[in-house]
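I opened my notebook to look up a few features of one structure. My entries follow in the order I made them.

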Amino acid sequence: MRARIQLDPKLVVSIVYVIAMFMVSMDGTIVNVILPTISKEFNIEPSSTSGINIGYLVSLAVFLPVAGWLGDRFGTKKIFLMALGVFTVASLLCGFANDLQTLNLFRVLQGAGGGILTPVGMALLFRTFSPKERPKVSRSLVLPIAFAPAIGPIVGGFFAEQLSWRWSFYINVPFGILVLLFGLLFLKEHKEPSAGRLDLPGFLLSAAGFSMLMYALNVGPTKGWVSPVVLYTGIAGAVLVCIFILHELRVDKPMLDLRLLSDRLFRTLGIISLFSMAGLLGMLFVFPLMYQSSLHASALESGLTTFPEALGLMVSSRLMPWTTKKMGIHQVIRIGLLGTIIIFTLISLVGPTANPWFLRALLFSIGICLGHTVVAVQFSTFTNINSASMGRATTLFNVQNRIGSAIGVAILASIIGAVGTGTGANGDLEVHLASYQLALLGSALFLVAALLFALRLRKDDFKAIMPAKGTAESHDVKQVRSVSE
């Protein structure tokens with residue numbers, strides 16, 4: 001059977017990448033919606049459910065930096081499918097959990113799979129497609145990058161209200177099994193002979209440092225930044241990360257190759273991506289809270305109001321070939337950031353009580369503007385990275401994005417808490433609307449920082465990935481584009 005079926009390797013990698021990354025990306029937002037339902041079923045305080053996310057994120061921080069070396073050393077196919085298997089099994093176990101302790105344990109296991117899966121999946125993708133082909137397959141990238149986080153709250157809200165919160169985990173199982181079988185049959189293996197031995201001191205330093213930092217960033221807004229557990233954990237994590245950086249710059253075969261940042265384009269686009277993720281994930285965190293708090297809407301209703309952002313992303317992926325050809329990638333990134341800054345500011349000024357269709361139009365516009373930036377950055381970041389360094393480059397890129405997302409949510413959550421609360425008409429404690437509006441302005445400031453770095457980009461930076469005029473699309477690229485359509 002296997003000998004008779006021949007699929008194009010580029011088509012195989014695209015299918016595997018999109019489905020697997022969609023699962024992991026959606027999981028990041030789908031769980032937030034079901035936490036209140038879990039607290040009621042387990043008969044615990046809502047604040048106790050924070051460990052469900054914290055355990056996942058800490059585990060992610062431990063295993064993410066070592067993912068590139070694992071893929072290079074043992075093979076990207078083998079490690080990718082093993083990580084996917086761990087993520088899928090952990091999702092099933094999370095759905096079966098009958099108490100908070102076992103659910104937290106299985107979420108840690110799920111984080112281990114997700115932390116390895118994402119950078120190895122990107123390495124698979126960017127090793128398969130040449131720099132000139134990457135802009136043409138950009139519409140495939142938009143699905144897991146930004147569409148999945150936007151649809152997560154809708155799916156989670158529907159399951160929590162109509163079925164059970166457990167289905168928010170069960171939904172990963174059939175897709176995980178499908179990708180596992182498909183990948184076993186059709187993915188090709190790739191190993192790097194120069195991978196070397198594991199940088200054990202680097203792994204131990206990064207595991208301790210990044211996990212402490214991630215913990216402090218996630219519990220800081222609720223426990224307070226000056227509370228002993230947050231302060232000491234954050235300082236210890238920062239010190240260990242600094243030692244880790246110094247160590248990685250000295251060793252010949254570092255686990256996280258920081259020397260790749262010497263490439264100006266890779267460094268600049270990585271910073272732009274970090275601030276963009278901080279702004280986007282921050283907005284997706286603040287806006288649903290503001291909408292539910294002000295209008296007393298359900299999680300599903302707020303998710304449906306946010307959903308046009310995902311539709312805008314889909315439209316932006318269709319426009320990308322035309323806009324990059326007309327304006328150039330550097331201008332697309334800048335204009336996308338500038339447009340999103342303006343829209344974030346408008347949303348913060350009009351508030352959640354504005355005409356619902358006006359809000360949906362603004363969120364749709366965010367998808368179009370920031371979608372251009374995010375996708376353009378992702379496919380062009382690795383322009384100057386060779387195949388041998390791709391695994392470590394995608395790992396470094398994902399570490400930056402994860403830190404950016406955590407910083408964005410942590411700072412915006414702190415803004416919400418700092419502005420204060422008041423007493424509502426029914427006597428309940430309510431967060432002031434102004435706190436949400438200031439937080440949205442904060443998310444816009446992250447994009448301002450990204451725009452300042454985008455101004456350093458030049459047209460010549462992207463010569464290697466812009467096809468010459470009149471160049472026909474290859475048959476392989478047309479096949480890949482048809483998958484996403």
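I started with the largest nonpolar core, which has 58 residues. A nonpolar core is a set of buried Ala, Val, Leu, Ile, Met, Phe, Trp, Tyr and Cys residues joined through side-chain atoms within 4.5 Å. Buried means under 20% relative accessible area, exposed over 50%, and partly exposed in between (1.4 Å probe, protein chains only). F80, L117, L187 and F382 have the most contacts inside this core. Helix α1 (residues 9–41) gives the most to it, 9 residues. Helices here are DSSP runs (H or I, at least four residues), numbered from the N terminus. I found another core apart from it, with 46 residues, including V286 and Y436.

I noted that this is a predicted model: local features need pLDDT of at least 70, side-chain atom pairs count only at pLDDT 80 or more, and totals for chains, interfaces and linings use all residues. Residues are numbered from 1 along each chain as its sequence is written, and side-chain values use heavy atoms, with hydrogens and water left out.

Next I looked up N398 in helix α16 (residues 390–419). N398 is buried, at 10% relative accessible area. Leaving aside neighbours within four places in sequence, I listed its contacts (heavy atoms within 4.5 Å): L64, T118, P119 and M122.

Then I turned to rings. I counted 11 aromatic pairs. Phe, Tyr and Trp rings (for Trp, the six-membered ring) pair if their centres lie within 6.5 Å; planes under 30 degrees apart are stacked, over 60 edge-to-face, the rest tilted. W167 and Y170 are edge-to-face, because their planes stand at 85°, with centres 5.4 Å apart. W167 is partly exposed at 42%, whereas Y170 is buried at 18%.

Methods. Helix = DSSP H or I, 4+ residues; strand = E, 2+ residues; numbered from the N terminus.
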